[in-house]
Structures are given as C-alpha cells and as structure tokens.
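My notes are below the display.

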Amino acid sequence: MVNAFVPAARGKAVVVGAGIGGLAAAVALRRTGWQVEVYERAAELGEVGAAVSIAPNAVKALRELGLEPDLLAAACALDGLESRTRGGRRITGVESALLKDRYSAGLYNVHRAALYKILRDALGDTAIHTGHAATGVVEGVASGEAGDFAVHTGHTATGVTEGVGPREADGCAIHTGHATTELTAGVASGETGDSAIHTGHAATGITGGVASGETGASAIHTDRAATGAAAGVASSETGETSGAATRTRHTASGAAANGTGASVVFDGPNGQVTVDADLVVVADGVRSKLRAQLFPHYPGPAYAGYTVWRGLVPAEAADRIGVPTRLSETWGRGSRFGSAPIGDGRAYWYAFENAEPGAAHEHRVADLVSRFADWHHPVPALIAATPTEALLRNDVYYLAEPLESFTAGIVALLGDAAHAVTPDIGQGACLAIEDAVVLAAELSAAEVPAALRAYDAARRPRAAALARESGRIGRMLMNPSRIASGIRDASASVVPPSIAMKTIADIYDWNPPRLT
C-alpha cells in the first residue's frame, strides 16, 4: 500500500463500541486526523475480563500507534509458550527470544483493564459517551451544525445512516452506553467542535434522507428520539448552550450507507438520537446488532462447544505458589488449563471445559478445584487461591461462517463484530488491534470508498484463515476421547520444530502498515 494520498480534510468517524478494538480504532483514526466519536452500550467505561495475551503481531500494531512503551510498562514480558500433559510432562515449547528474533517483538500478558487504560489515555481529553446502544446505520443524511464538542450520555444507538455530510471537529468524541440496531440512507451531518464523549447510548438503526436542524455553539439534548427509519424526515435540535453539546439517554436505532455519509441511530432511556458521520466503525462485538442489519442473512454467532472459566490470583498468593513466566497450557480430555503472570504481580488462569450451551454451573471455586485436583502443580493451587469475586465464566461463541465483507458503504466492521474467533490461538484482541491500524492506514491513502475496499481486501483473508486455524486447534484440543487425546499428545511431542514454527509464523509474521 502506498500512503501518498492525503485527503484535503479528514471527516468525522463514529465508532460504535468502546472495547479494545473500538478504542484502538479511535486512537488510530484520531492519530491520522479524523474527528472521532465513540459510543458504548455499557453505562460505565471499562474492560470486563481478566487478562489478555499480546502477541508479536499486536505488539507491532501498538508500536505503530506509539503505545508499545505503555504496554511494556504495564504488562509482564513472557519467556515463551509451552504445552503440557495433565501430569506435567512438557509437550511443546517456544522461547520468546526466538519470537523476538524472528518477528521483531515479544509476547506479553496484561490485565485487560490495563490495556484498556492505555488506549483510553491515548485519546487524551476526548469525550467518552456511555449508555448508548447502537441499533442501525443510515446513509445519505444531512445534520445540523453544532459547536465546540459534544458529550452524549444515556444514549442507545439504534441505527446508522450513510450519505451523511460530516460534522467538523478537531478532536474526538467517545460515546458510551449506546446500542445500535438499524441503518438508513440519505442523511447529512452538521458541524461540531472539538471532541465528544457519548455515554448511555444504544444504536438501533440508520435512516436515509433525514436532515437535522442547525444549532448554536453548543447544545444539550435530552429525551430526544430519532428513529432513522424513514427517508426525507427532518429533525430539529434544541437546547442551545455554550461550550459543548451533551445528549443524554438516547439510543441509536438505524443506519444506511451510500458512500457519501451516514447516520447512526442510538436508543437511550428517553428516546432515540441520530449521529451523522463520514465513516462508521462497527466494533460492537460478536453479537453486533449493526452486523445483523447490514448482513441480514448472516447466521450469526455459533457455540464452540465449551465454556471458559477465568480467574485472577492475588499477587501474594501467586508469589507463594510460583507461576512460571510463560504462557503455559495443559491439555486434558475435553478440558484445558492455562496460566501466566500479568504485569502487576497477579497471576491469570483460564480453564476450558466441554459443556452444553447455557448449561448451569455452580459458580464456586471449590467445585472447579475438585475437577482439576489431579492435574499437575500449580493448576489446583491457582484455582484454589482465586477469590470467588475474581472468577468469571462465559460460554464461547464465535463467527463460524466467514462474513461476506467487512464493509458496507461507508461502514467498516472490525474485531469480533467482523471475525470473532475462538480463544484457542489467543488472537481475538490482537486481530482487533491489527484491524484498527490497517483501517486508519488505508483511510490515509485513499478516499473512504476505495479505502474501505482496500481494508476489506487486506483484512478478510487473514482473519478468515486464522479463524479456521483457531477453530481447528480448538476441536483438536477439546476432544474428549482418551484415544484421540493420547494420539494428540504423542504426535505433538514429535512434530519437527519447523512445522510448529510454521503455525506460529502464520499468526505472528505480520507487519503493520505505516500511519501518516
């Protein structure tokens, strides 16, 4: 890709979802000159979960964002990867020194909240809006003008509309608590100021042909409802103030894209609001409502066949138990256990168990300890040292069928919304960070329609290949058969290093494009 093209002016980008992928996209887009607004469905900002492994490919993406020093300060640098039998015999292993030599970066483990803070801090004084649920996108909408920057809270995004003229702004807006549900076309956006953070919004859709009224320097909008469902509808904005525009308790309900602009609709506690954009980034997770609207025939998430427990062991207990400074995974029959330290002294572990979807599980540490009691040290000790409040469990869902495209008009999907993979190769967050850097780089090299075509061409084949590989590995490792598990362990022990490194290379041997 050649980054010779520099647009006369970057436009306004609306990012739906303030998880790791959404914030990484916001950081990358802002770095390349876009005005960014982020909308998050949750009422409060923060990354839920335990820890995340940052592999060399994602380290290099964070390096391009200028965030590698922050990662190294917060994370634990791991000595390598290994797998063992439940009795403790080592089956495979790769040292981090080799990874650094071959892929120009190491392997790290970090608490998800620490990684989230790194990305959030990189957005500076950008406003973040929570409590919005996006439900749709609509193309071709014109919006009214607004002032300095907008902080939107309590909104639920219900849609996005394309063909929208951008609101002009200098900084970024993060909207949280938004949920998106639908899309419509034909809306143009108004001009805004510096930065906006929108919370409490749920996007539900996008509607086309909607023009919004003009406002003054700043506006505080409450209890506004925008459906984003019909074309040629004009909405007016009220509540002028000075300094900033604050929209609260709105939900986006629709969106549509025609290549010239779009509007995202959010559903909030007190109605709906439509937000205009030149670019819509959908990063609202594996159960993305906007993906469902944009690709109505797509089957949606599939159950992987197993559930995952995650836990954090306090630093004092982790030190007493002794946790190797590597990502160590133990293979059983229909179950697995992995562990690694994180950067603050605590230890992170995960346990996979085959289970029916939605099966009831006793959320008790003692029950889990009993099921792993005969596994090698430190498996039972780590589980036993985990406070109940630090124990999480989730059934594993992923996108088994490849999505036909990661874009639709001026809408780009990234992260789990585009290609949710099973956790078997530790690449969920890593691929989302890759997506963010590639998207921003392509948008620096061409106008939006061409840039999104290039983004899709660059990301979809790689994501599909790694999703297939992750699913294959998961099925192999979670096989409950004693015979199949024995063959697996024996064959893995004698696999030539060159073959093992080929699988690793497919994942780690990726380099980010340069951001301009």
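The entries cover the ground rules, then salt bridges, cysteines and strands.

**Ground rules.** I am working on a predicted model, where local features need pLDDT of at least 70, side-chain atom pairs count only at pLDDT 80 or more, and totals for chains, interfaces and linings use all residues. Residues are numbered from 1 along each chain as its sequence is written, and side-chain values use heavy atoms, with hydrogens and water left out.

**Salt bridges.** I searched the whole structure and got 22 salt bridges. I count one when a side-chain nitrogen of Lys or Arg lies within 4 Å of a carboxyl oxygen of Asp or Glu.

I looked at R326 and E95 and found their side chains joined in a salt bridge, 3.3 Å from N to O. This pair links distant parts of the chain, 231 residues apart. R326 sits in the loop between α7 (315–321) and β26 (327–331), while E95 belongs to strand β6 (residues 90–95). Helices (H or I, at least four residues) and strands (E, at least two) are DSSP runs, numbered from the N terminus.

I then checked accessibility. Buried means under 20% relative accessible area, exposed over 50%, and partly exposed in between, with a 1.4 Å probe and protein chains only. R326 is buried at 14%. E95 is partly exposed at 35%. Both residues also belong to a salt-bridge network with E82, R84 and R90.

Next I took E329 and R336, whose side chains form a salt bridge at 3.2 Å, N to O. E329 is buried at 12% relative accessible area. R336 is buried too, at 0%.

I also noted R393 with D395, a salt bridge of 3.0 Å, N to O. R393 is partly exposed at 25%, whereas D395 is buried at 19%.

**Cysteines.** How many disulfides does the structure hold? I found zero, using a cut-off of 2.5 Å between two cysteine sulfur atoms. I looked up C76, which is buried at 13% relative accessibility. C430 is buried as well, at 0%.

I traced an open sheet of three strands in the order β3-β7-β4, with antiparallel pairing. Two strands pair if DSSP finds at least two bridges between them. Which strands stand at the edges? They are β3 (51–54) and β4 (76–77); each has a single partner strand, so one side of each lacks a neighbour in the sheet. I followed β3 against β7 (residues 108–111) and got antiparallel pairing over four bridges. Within that pairing, V52 stands opposite V110 in β7.
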